[in-house]
Amino acid sequence: MDELFDLGLSDETLKNMIELNPLIMKLSNEEVLDKINLLKSINCSSNQISNIIGSNSMLLTRSNTDIIKLINYLNGLGFSSLNILFDSNPYILNLDIFEVNNYIEDRISNGELLEDIIDDLDSNTYLFNEI
């Protein structure tokens, strides 16, 4: 839990995070640090990490394996700046691969090109909320 304080999150933000995801109270510093390091691995700055975790406390209790798979999947689709993508919409990190894939497949079946869909999602990250 100390790692959350070290991110510079306000007491109010931490209180809200705990209300939304009480399980974070049971996390070890190592588990929180693992999430921070995961975000650092995609070039997130300290400010981006604070924003992502402060906005999306559910990330802290999601499995690293699922997050890594999602990151690799998005990279494979052609998203290049995941740090910016996740900072713009931290809730993307709550999605499963099949959800993103189904959304993309639906749009492709409507005649859109994959490149156009990726550009659309990349430039308007709130479209991920439709998933």
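Ser50 is buried, with a relative accessible area of 15%; buried means under 20% relative accessible area, exposed over 50%, and partly exposed in between (1.4 Å probe, protein chains only). The model is predicted: local features need pLDDT of at least 70, side-chain atom pairs count only at pLDDT 80 or more, and totals for chains, interfaces and linings use all residues. Residues are numbered from 1 along each chain as its sequence is written, and side-chain values use heavy atoms, with hydrogens and water left out.

**Helix H4**

Ser50 lies in helix H4. Helices (H or I, at least four residues) and strands (E, at least two) are DSSP runs, numbered from the N terminus. H4 covers residues 46–55, and its buried residues include Gln48, Ile49, Ile52 and Ile53. Among the elements that cover the buried residues of H4 are helix H1 (2–6), helix H2 (11–20), helix H3 (29–40) and helix H6 (82–88).

Leaving aside neighbours within four places in sequence, Ser50 is in contact with Leu7 and Leu9, where contact means heavy atoms within 4.5 Å. The side chain of Ser50 also reaches the backbone oxygen of Leu7 at 2.7 Å.

Asn43 is found in the loop between H3 and H4. At 60% relative accessibility, Asn43 counts as exposed. Most residues other than glycine have a negative phi. Asn43, not a glycine, has a positive phi of about 70°.

**H3 and H5**

Two packed helices are described by the angle between their axes and the distance between the axes. H3 packs with helix H5 (residues 64–77) at an angle of about 10°, and their axes are 11 Å apart. Axes are lines fitted to C-alpha atoms, for helices over the stretch in contact, and angles run from 0 to 180 degrees between N-to-C directions. H3 and H5 are therefore roughly parallel to each other, a term for angles under 35 degrees.

The residues that make the contact are tabulated here.

| Helix | Residues in the contact |
|---|---|
| H3 | Asp34, Lys35, Leu38 |
| H5 | Asn64, Ile67, Ile68, Ile71 |

By class, this contact of H3 with H5 has four nonpolar, one polar and two charged residues.

**The aromatic pair**

The whole structure holds one aromatic pair. Phe79 and Phe128 form this pair, 5.9 Å centre to centre with 45° between the planes, and the pair is tilted. Rings pair if their centres lie within 6.5 Å; planes under 30 degrees apart count as stacked, over 60 as edge-to-face and the rest as tilted. Phe79 sits in the loop between H5 and H6 and Phe128 in the segment after helix H8 (114–123), 49 residues apart. Both Phe79 and Phe128 are buried.

Conventions: Polar contact = N/O pair within 3.5 Å; in protein donor to acceptor, adjacent residues only side chain to side chain. Parallel < 35°, antiparallel > 145°, perpendicular 65-115°, else oblique. Nonpolar A, V, L, I, M, F, W, Y, C, P; charged D, E, K, R; others polar. Phe/Tyr/Trp six-rings, centres within 6.5 Å; stacked < 30°, edge-to-face > 60°.
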